[in-house]
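Dear colleague,

I am handing over the structure below, together with notes on what was found in it. Please read the notes with the structure open beside them.

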Amino acid sequence: MKALTPQGRQSVKKLMNHYGGKSAMPYVGAPKDFDRIAKEFHVDYAFHKVSPGHYLLFFKANQADAITAAFQKYSAKVLNKEQDKASILGQLRKFTEQIRTQAKEKQRTREAVKDGR
């Protein structure tokens with residue numbers, strides 16, 4: 001019986017044993033984040049670590065369109081995540097300022113009550 005060709009994420013060695021051309025592109029980030037999206041597009045790919053946080057993403061050349069679509073979706077997700085973080089930080093700063101303002105008002109009323117006695 002013929003062995004099945006691996007699908008999805010795999011080692012670089014297994015990917016290179018597939019028939020057809022291969023391509024690579026640089027990738028910066030956590031591979032696990034890309035895995036979730038790549039499963040939706042049913043692509044065969046492998047990561048090769050170049051340095052901490054920097055990888056080469058190998059994939060079959062005939063799946064370049066699917067990889068591009070997956071990468072666009074991944075990029076949009078990362079950008080939205082960064083915008084959400086900035087928004088949360090902005091809200092936190094706003095609430096911190098409100099708390100400080102309320103604390104100053106309480107202090108003023110306490111001082112006014114002390115002076116009125």
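The buried residues of helix α2 are Pro-31, Phe-34, Asp-35, Ile-37 and Ala-38, where buried means under 20% relative accessible area, exposed means over 50%, and partly exposed lies in between, computed with a 1.4 Å probe on protein chains only. Helices (H or I, at least four residues) and strands (E, at least two) are DSSP runs that are numbered from the N terminus. Please keep in mind that this is a predicted model, in which local features need pLDDT of at least 70 and side-chain atom pairs count only at pLDDT 80 or more, whereas totals for chains, interfaces and linings use all residues. Residues are numbered from 1 along each chain as its sequence is written, and side-chain values use heavy atoms, with hydrogens and water left out.

Just after α2, His-42 takes a positive phi of about 50 degrees, although His-42 is not a glycine. This residue lies in the loop between α2 and β2 and is exposed, with a relative accessible area of 64%.

Turning to the sheet, three strands form an open arrangement in the order β1-β3-β2, with antiparallel pairing; two strands pair if DSSP finds at least two bridges between them. The edge strands are β1 (22–28) and β2, each of which pairs on one side only, and the twist averages 25 degrees from one strand to the next. Helix α2 (residues 31–41) packs on this sheet and touches β1, β2 and β3, its direction making about 165 degrees with that of β2. Here contact means heavy atoms within 4.5 Å, while axes are lines fitted to C-alpha atoms, for helices over the stretch in contact, and angles run from 0 to 180 degrees between N-to-C directions.

Strands β2 (residues 45–51) and β3 (residues 54–60) pair in the antiparallel sense over six bridges. Phe-47 has Leu-57 in β3 as its bridge partner, and Ser-51 stands opposite His-54 in β3. The hairpin of these strands has two residues between them, and Gly-53 takes a positive phi near 80 degrees there.

The largest nonpolar core has 13 residues, of which Tyr-27, Phe-34, Tyr-45, Phe-47, Leu-57 and Ile-67 touch the most other members; such a core is a set of buried Ala, Val, Leu, Ile, Met, Phe, Trp, Tyr and Cys residues joined through side-chain atoms within 4.5 Å. Two or more residues of this core come from each of α2, β2, β3 and α3 (64–116). Not counting residues up to four places away in sequence, Tyr-27 touches Phe-34, Phe-47, Gly-53, His-54, Tyr-55, Leu-57, Phe-71 and Tyr-74.

With best regards
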